[in-house]
Amino acid sequence: MSLTQKDLIDAITNELGAHGTPISKTQVDAVLNRLSIVTARTLKAGGDVPLPGIGKLKASQRAARTGRNPSTGLAIEIPAKTVVKLTLNKAMDEAINR
């Protein structure tokens with residue numbers, strides 16, 4: 001099951017409300033949008049972003065390499081780029097892999 005952004009906002013709002021921390025959907029949406037801005041800024045600066053209860057986001061450099069065009073089979077050069085990797089914490093890894 002995949003969550004849409006609306007589903008995620010609804011789920012967080014309901015979860016917080018059920019545990020005594022009522023918050024509006026607008027506020028949850030604002031927090032998630034600011035999280036993406038802070039995350040991008042931090043990763044671009046070379047830092048890591050902790051996601052409590054989930055893991056840590058880290059920026060990593062992927063080297064340039066030669067690939068193949070699947071349609072023609074011709075070799076193509078794939079440029080180097082920065083990618084984001086998520087390292088799960090132990091609790092999340094165990095929850096997913098039970």
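1. Ground rules first. Residues count from 1 along each chain as its sequence is written, and side-chain values use heavy atoms, with hydrogens and water left out. Since this is a predicted model, local features need pLDDT of at least 70 and side-chain atom pairs count only at pLDDT 80 or more, while totals for chains, interfaces and linings use all residues.

2. Have a look at helix H2, residues 25-44 (helices are DSSP runs of H or I, at least four residues, and strands are runs of E, at least two, numbered from the N terminus). Its end C-alpha atoms are 29 Å apart, which agrees with the 28 Å that 20 residues should span at 1.5 Å a residue (the expected span is 1.5 Å times one less than the number of residues).

3. Which residues of H2 are buried? They are Val 28, Thr 39 and Leu 43 (buried means under 20% relative accessible area, exposed over 50%, partly exposed in between, with a 1.4 Å probe and protein chains only). They sit on the same side of H2, because they cover an arc of only 30 degrees around the axis (taken from the directions from the helix axis to the C-beta atoms). On the other side, Thr 26, Arg 34, Arg 41 and Lys 44 are exposed.

4. Zoom in on Thr 39: it counts as buried because its relative accessibility is 11%. Leaving aside residues up to four places away in sequence, Thr 39 touches Val 49 and Leu 57 (contact means heavy atoms within 4.5 Å).

5. Now for Ile 96, in helix H3 (residues 90-96). Ile 96 counts as exposed because its relative accessible area is 53%.
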